[in-house]
Amino acid sequence: MLPILGRSPASRVAHSGAALDAPELLARARSAARLLRPGSRVALDGGDALTRLIHFLGADLAGCATLVLEPTWTERDRSAVLADAAVDVVLDLGKRPVHLTNRNERAVRSVPTGDEATQFYLPTTSGSSGRPKVMVRSRRSWLRSFDALDLGLEQHDQVLIPGPLSSSLFLFGALHSLHAGADVHLLDKWSAQDAVDAARRSTAVHLVPAMLSALVSTLERDPVFRSECALRLVVCGGARVDQELEERLAKVLPGCELVEYYGSAEHSLIAVRRGGRLRPVVDVEVRDTELRVRSELTFDGYLSNGVVIPPSTDDGWSTVGDRAILHDDGSLEVLGRASAVINTGARLVGAEEVESVLRGADGVKDVLVAATPHPRFGELVTAVVEVDPADPPSRRDLRTRARHALEPAKRPRRWLAIGELPRTASGKPARALVAEQLRDGTLAAEAL
């Protein structure tokens with residue numbers, strides 16, 4: 001039995017052409033658990049996605065709380081995260097192979113350590129808005145989240161996880177799928193071509209909108225891939241899916257269901273959309289456009305130099321600064337993080353609203369809207385557009401699109417083209433980094 005899955009696994013995990021069946025996965029997790037002191041804090045460094053998953057499950061078996069280090073962190077961020085987490089051991093998985101336990105050997109840790117209240121995971125914030133923060137989360141918070149995100153997966157399903165497990169979005173997707181009894185296909189890093197190839201065998205996939213856009217574009221260009229694609233379910237988180245992208249998905253894969261969910265590293269799952277609008281799955285309220293959440297899915301607190309600092313709450317209600325509208329019919333419209341608001345000419349502009357308008361334009365692979373300092377207006381609304389080099393968009397077309405969909409204060413005043421936006425581990429554009437580079441004038445982008 002693997003505690004965070006709530007049962008013995010009944011699934012296969014595929015990776016790089018190989019696959020582990022359920023007994024092999026459990027045996028390797030037990031072998032990994034032998035390396036650890038029960039109840040300790042563990043950091044996983046290096047290794048491929050399968051090795052990381054095995055060691056994560058092994059640590060959970062031993063009742064340990066696990067931090068999965070992100071390879072792209074700067075040395076400063078890495079050192080700060082390790083200091084806050086105060087881990088007892090860092091396992092270098094690139095140097096430490098996992099050996100399969102002999103089937104006839106007495107099972108190690110066959111009885112899991114701890115219970116649902118045991119702290120099993122040390123997630124970090126994505127870093128899209130600044131330096132990653134370290135949190136601590138109980139098994140219960142994700143087990144209840146698995147139940148709340150009911151995707152109807154079955155044993156014949158294979159779920160594609162196309163991003164690194166250092167991102168809580170993809171780790172959640174992998175564990176949720178195993179919890180449901182489905183097979184899992186792991187990719188070490190995002191590649192639209194690799195994802196399309198894996199989609200020949202996968203019936204579901206977890207993505208962020210930028211990845212979904214790249215996947216759809218690849219399918220649109222190749223009728224062979226389109227005909228061989230087995231996807232029946234796309235699960236998208238991390239940001240809002242704009243209507244044009246949803247329509248393109250429906251056109252290229254008729255009958256494929258889109259499930260969009262909204263949450264945060266702190267609160268876990270908050271709302272789910274299956275057609276129509278987002279519907280909360282926990283208690284929510286909006287005060288002066290600030291979204292507040294009360295939920296049993298929330299985290300236990302932040303870690304600072306090894307000390308758990310409980311989340312600040314008001315009678316159980318807490319917030320991470322997201323702005324939202326709660327409609328009369330109970331649906332939720334998320335406007336974006338307060339830190340993504342641009343103050344231009346005494347008007348407040350939500351960057352994510354502008355991005356959703358521009359993201360569906362021809363030739364735009366993705367877009368990030370941020371502020372450029374300006375002596376008169378305070379800040380200029382600046383669109384940093386990740387362009388398709390084979391078919392780059394024109395500034396004229398983008399300005400026309402913005403003029404038709406946005407009021408004057410929200411339209412970008414500065415347009416920049418970039419080959420590839422810097423991204424966090426989950427695939428989201430690194431908002432804080434781009435904003436800093438715009439302030440410093442160091443962003444490697446050209447005028448559009």
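Helices H1 (residues 22-33) and H2 (residues 49-61) cross at roughly 65 degrees, with their axes coming within 7 Å. Here the axes are lines fitted to C-alpha atoms, for helices over the stretch in contact, and angles run from 0 to 180 degrees between N-to-C directions. Helices (H or I, at least four residues) and strands (E, at least two) are DSSP runs, numbered from the N terminus. The crossing of H1 and H2 is right-handed; that label applies if the near helix is turned clockwise from the far one by less than a right angle, and left-handed if anticlockwise. On the H1 side, the contact (heavy atoms within 4.5 Å) is made by Leu25, Arg28, Ala29, Arg30, Ala32 and Ala33, and H2 brings in Ile54, His55, Leu57, Gly58 and Leu61. Sorted by class, that comes to seven nonpolar, two polar and two charged residues. Ala, Val, Leu, Ile, Met, Phe, Trp, Tyr, Cys and Pro count as nonpolar, Asp, Glu, Lys and Arg as charged, and the others, Gly among them, as polar.

A word on the model itself: it is predicted, so local features need pLDDT of at least 70 and side-chain atom pairs count only at pLDDT 80 or more, while totals for chains, interfaces and linings use all residues. Residues are numbered from 1 along each chain as its sequence is written, and side-chain values use heavy atoms, with hydrogens and water left out.

H7 supplies Pro209, Leu212, Ser213, Val216, Ser217, Leu219 and Glu220, and H9 supplies Leu245, Arg248, Leu249 and Val252. The class tally for H7 with H9 is seven nonpolar, two polar and two charged residues.

On to the charged pairs: the structure holds 28 salt bridges, each a side-chain nitrogen of Lys or Arg within 4 Å of a carboxyl oxygen of Asp or Glu. One of them joins Arg78 to Asp45, with the closest N and O atoms 2.9 Å apart. Arg78 sits in helix H3 (residues 75-85) and Asp45 in strand E3 (residues 41-45), so this pair ties together parts that are 33 residues apart in sequence. Arg78 is partly exposed at 23% relative accessibility, whereas Asp45 is buried at 18%. Buried means under 20% relative accessible area, exposed over 50%, and partly exposed in between (1.4 Å probe, protein chains only).

Glu407 and Lys410 also form a salt bridge, at 3.7 Å from N to O. Glu407 is partly exposed, at 35%, and Lys410 is buried, at 15%. Elsewhere, shared partners link Glu355, Arg359, Asp366, Glu386, Arg423 and Arg431 into one salt-bridge network. Within it, Glu355 and Arg359 meet at 3.7 Å, N to O, and both are buried.

Ser166 lies in the loop between strand E8 (158-161) and helix H5 (168-179) and is buried, at 7% relative accessibility. Its side chain makes a polar contact with that of Glu70 at 2.4 Å. Such a contact is a pair of N or O atoms within 3.5 Å; within protein, one must be able to donate a hydrogen and the other to accept it, and residues adjacent in sequence count only if both atoms are side-chain atoms.

Finally, the backbone: Ala86, in the loop between H3 and strand E5 (89-92), has a positive phi near 50 degrees.
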